[in-house]
Amino acid sequence: MAAIDKVKVLVLGDSGVGKTSLTHLITQNEPISNPSWTVGCTVEVKLHEYKEGTPQQKTYFIELWDVGGSSNHRNSRCVFHNSVHGVILVHDLCNKKSHQNLPKWLAEVYSRDANAKNRYSDGDEFDPEQFAGSSQCGDFMSFGFNLDEFKTPILVIGTKLDVAEQVRSNNSYRSSSFAEDCGADEITLDCRQKSSLAAGTSSSVKISRFFDKVIEMRYYSREVLSPLAVNSASADKRRTFPTTTVSPKFYHND
């Protein structure tokens, strides 16, 4: 049997926003009954049909790296940021702060030195031109990268839609300017409902399209994906299954 190629997608966001529940729903196609607190990182794998239904259809492994969101482990999270092909940013629809922190999660991934001072400290303004999908080229030199070489696909997901609908009207939420500025799709869902990602739904289509884009950038684009991916490309080819440190997990709703 021929080996199946794979891509690595980081799932990032504040602690408690529902990253583990989301990852389980995507990979297992059913809600998780007992979500727990992620300390370190856990990896779940999904088989994805690239360009399903076309002559170019091919099966790939999607590695979803669910990275713990505790601020106490910020300096050690950089070990999971190597060879990244895509990023899913997760926020809680009932927690405005978790949405405001999305640029900081993106900056953390794209910073070469996790111990360096974070440019996006509280009160600093986020410049969307510094990220993939922007229509203009901003100053990206502070991170040590060339923006022209940085095209990592991004997907923004808002969770706990069921709770959000209980405290505000359904029409009060709209797509965030952050996702728009990054050129990213955005979906909102309830991770406790299997129907949230049922085949044919808008959310399911957007996630499938995102995975196709990640695969296309990794295997079919002549452009350099990102320094993070290039630096460990040879190591990525040697791996036949994700190798990561899976830390103990404690009960929590993350």
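**View 1. Who lines the largest pocket?** α1 (19-28), β3 (41-50) and α6 (202-220) each supply at least two residues of the largest pocket's lining. Helices (H or I, at least four residues) and strands (E, at least two) are DSSP runs, numbered from the N terminus. The model is predicted, so to speak: local features need pLDDT of at least 70, side-chain atom pairs count only at pLDDT 80 or more, and totals for chains, interfaces and linings use all residues. Residues are numbered from 1 along each chain as its sequence is written, and side-chain values use heavy atoms, leaving out hydrogens and water.

View 2. Buried means under 20% relative accessible area, with a 1.4 Å probe and protein chains only. Leaving aside residues up to four places away in sequence, I88 touches V9, L10, V11, L12, L22, L64, L155, I157 and F210; a contact here means heavy atoms within 4.5 Å.

**View 3. Helix α3, tucked in.** Eight of the nine residues of α3 (residues 102-110) are buried, so this helix is largely enclosed by the rest of the structure. The buried ones are L102, P103, W105, L106, A107, E108, V109 and Y110.

Notes
Buried means under 20% relative accessible area, exposed over 50%, partly exposed in between (1.4 Å probe, protein chains only).
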